[in-house]
Amino acid sequence: DCVKASDQCLKEQSCSTKYRTLRQCVAGKESNFSRATGLEAKDECRSAMEALKQKSLYNCRCKRGMKKEKNCLRIYWSMYQSLQGNDLLEDSPYEPVNSRLSDIFRLAPIVSDRLNCAQVLSKGNNCLDAAKACNLNDTCKRFRSAYITPCTSSTSNEICNKRKCHKALRLFFDKVPPKHSYGMLFCSCRDVACTERRRQTIVPVCSYEDREKPNCLNLQESCKKNYICRSRLADFFTNCQPESRSVSSCLKENYADCLLAYSGLIGTVMTPNYIDSNSLSVAPWCDCSNSGNDIDECLKFLNFFQDNTCL
């Protein structure tokens, strides 16, 4: 991972020198310092990057929910920004997920085709069953209680403590066995009571909604300023690219990885949720009003959530 690769690099003098140079180059980029610097400094940045391409730091990745995740992602982006510039979110900083994690999706497709729906779904409320199963599992029950408290208690000046709520939600999806956490998030439904329970799984009022709906591109910009949000969004874009000619409707032929990447956004400013109790459409809390000339770009972003065959 990037933390180990960074420690290893700092122990070797030649790597350490180039790495420090690179970090200064990135810091300069972020403060628009590079516009004022001469060609000599740019050449130095370029040669530092070229030298580091030979080191393990160049291909390092992070694990979602790892102990030093934020630090790992900071190191990853300092390398990646030097390569690609600041705005692209085309590669995921996370290592490919263990296939056992995605077995829960492969074994039982979440939405069967509509003709078979009536036979496949039980007559009960699957989302209620999933919540009960969570309560019978110590880990699930503990982490669920841990996010319910900050996500519902109100303070005088805001609906809830969003930062604490988001952190607790991330822990829930990172630490709880997938069978339980994804069982609650992706339970299949036939009636409004069930779908509304599914929508409430992530406590929408606190984690998802705000007093005013921001523009989606502004929300994306604020997400990019946070290492975890930026990384989870890049992971989502990477794993959920739709492809109409593929069997799974996903470019990477793996909708399980897409759903796991989607769940990683929960607990960030980009937290998505089911739009209502009548559809499977999901979106973050934003819209495309006040987009001006960027309306097409904004709608493209929003449709990646709302109208994505892979997701």
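**Exercise 1. How are α7 and α8 oriented to each other, and which residues meet?**

Start with the geometry: in this predicted model, the axes of α7 and α8 lie 6 Å apart and the helices pack at an angle of about 105°. Next, classify the angle: values from 65 to 115 degrees count as roughly perpendicular. The two helices α7 and α8 are therefore roughly perpendicular to each other. Finally, look at the residues: Ala131, Cys134 and Asn135 of α7 meet Cys140, Lys141 and Arg144 of α8.

**Exercise 2. Which residues of α7 are buried, and what do they pack against?**

Begin by going along the helix, which spans residues 126–135: Asn126, Cys127, Ala130, Ala131 and Cys134 are buried. Their arc around the axis is only 140°, which puts them on the same side of α7. Now turn to the partners: the buried residues of α7 pack against α8 (138–152), α9 (162–175), α10 (178–185) and α11 (192–200). To finish, check the N-terminal end, where asparagine 125 caps α7 with a side-chain oxygen 3.0 Å from the backbone nitrogen of cysteine 127.

**Exercise 3. Is asparagine 215 buried or exposed, and what does its side chain contact?**

Locate the residue first: asparagine 215 sits in the loop between α12 (204–207) and α13 (216–224). Its relative accessible area is 8%. Under 20% counts as buried, so asparagine 215 is buried. For the polar contact, the side chain of asparagine 215 pairs with that of serine 291 at 2.8 Å. Leaving aside neighbours within four places in sequence, the contacts of asparagine 215 are Cys286, Asp287, Cys288, Ser289, Asn290, Ser291 and Cys298.

**Exercise 4. What does the chain look like as a whole: how many helices and strands are there, and what share of the residues is buried?**

Count the elements: the chain has 16 helices and two strands. Then take burial: of the 311 residues, 45% are buried.

Technical notes:
Residues numbered from 1 in each chain as written. Predicted model: local features only at pLDDT ≥ 70, side-chain atom pairs only at ≥ 80, totals over all residues. Heavy atoms only, no water. Buried < 20%, exposed > 50% of the residue type's maximum accessible area, 1.4 Å probe, protein only. Helix = DSSP H or I, 4+ residues; strand = E, 2+ residues; numbered from the N terminus. Arc of directions from axis to C-beta. Contact = heavy atoms within 4.5 Å. Polar contact = N/O pair within 3.5 Å; in protein donor to acceptor, adjacent residues only side chain to side chain. Axes fitted to C-alpha atoms, helices over the stretch in contact; angles between N-to-C directions. Parallel < 35°, antiparallel > 145°, perpendicular 65-115°, else oblique.
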